Amino acid sequence: MEETVLRLLGRKTSGNVQKVLFFFEETGTPYTREDYGRQFNNTQTPEYLKLNPNAKVPTLVDGDLAIWESNTILRYLAAKAGSALYPS
């Protein structure tokens, strides 16, 4: 079964996006990052608002699941990966 590559929507200069990028790099989790944010003028589009009604970055897309808020994303990723970064 093919694993879905995680998509991170957000600009790399955002501190909240950087937290998620740090997790990906530290755990070796495969991902793609796409530029989203104010200067890209794309967080108010109907497509983005469907994924994240708060219209902020970051947003994580895992298949049909969209998660927003950086700390929620980190908890989701750590639990999914069975990472030691997420205590039982």
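## Aromatic pairs

Phe24 has a relative accessibility of 1% and so counts as buried (buried means under 20% relative accessible area, exposed over 50%, partly exposed in between, with a 1.4 Å probe and protein chains only). The model is a predicted one, in which local features need pLDDT of at least 70 and side-chain atom pairs count only at pLDDT 80 or more, while totals for chains, interfaces and linings use all residues. Residues are numbered from 1 along each chain as its sequence is written, and side-chain values use heavy atoms, with hydrogens and water left out.

The structure has two aromatic pairs (rings of Phe, Tyr and Trp, the last by its six-membered ring, pair if their centres lie within 6.5 Å; planes under 30 degrees apart count as stacked, over 60 as edge-to-face and the rest as tilted). Phe24 and Tyr31 form a stacked pair, with 4.4 Å centre to centre and 15° between the planes. Tyr31 is partly exposed at a relative accessible area of 25%. Tyr36 and Tyr48 are also stacked, at 5.1 Å centre to centre and 25° between the planes. Tyr36 is in the loop between strand 2 (31-34) and helix 2 (46-51) and Tyr48 is in helix 2, so this pair ties together parts that are 12 residues apart in sequence (helices, H or I of at least four residues, and strands, E of at least two, are DSSP runs numbered from the N terminus). Tyr36 is buried at 18% relative accessible area, and Tyr48 is buried at 1%.

Four strands make an open sheet in the order 2-1-3-4, with mixed pairing (two strands pair if DSSP finds at least two bridges between them). Strand 2 and strand 4 (65-68) are at the edges with a single partner strand each, so one side of each has no neighbour in the sheet. From one strand to the next, the twist averages 20° (axes are lines fitted to C-alpha atoms, for helices over the stretch in contact, and angles run from 0 to 180 degrees between N-to-C directions).

Strand 1 (residues 6-9) and strand 3 (residues 59-62) run antiparallel and are joined by three bridges. Leu60 in strand 3 is the bridge partner of Leu8.

## Largest pocket

The volume of the largest pocket is about 160 Å³. A pocket is an open set of points on a 1 Å grid over the protein atoms alone, where a 1.4 Å probe fits, with protein on both sides within 12 Å along at least five of seven lines; lining residues have an atom within 4 Å of a point. Its residues include Arg11, Arg38, Gln44 and Lys56. By class, two lining residues are nonpolar, five polar and three charged.

## Loops and backbone

Asp35 is in the loop between strand 2 and helix 2 and is partly exposed at 37% relative accessibility. Its C-alpha atom is separated by 4.9 Å from that of Arg11, 24 residues apart along the chain. Asn41 lies in the loop between strand 2 and helix 2, is exposed at 68% relative accessibility, and has a positive phi of about 55° although it is not a glycine.

Most residues other than glycine have a negative phi, and most peptide bonds are trans. Glu69, in the loop between strand 4 and helix 3 (70-81), has a positive phi near 80° and is partly exposed at 45% relative accessible area. Val57 and Pro58 are joined by a cis peptide bond with omega about 5°; Pro58 is in the loop between helix 2 and strand 3.

Note on methods. Grid points are joined across faces, edges and corners, and a volume is the space filled by probe spheres set on the points. Ala, Val, Leu, Ile, Met, Phe, Trp, Tyr, Cys and Pro count as nonpolar, Asp, Glu, Lys and Arg as charged, and the others, Gly among them, as polar.
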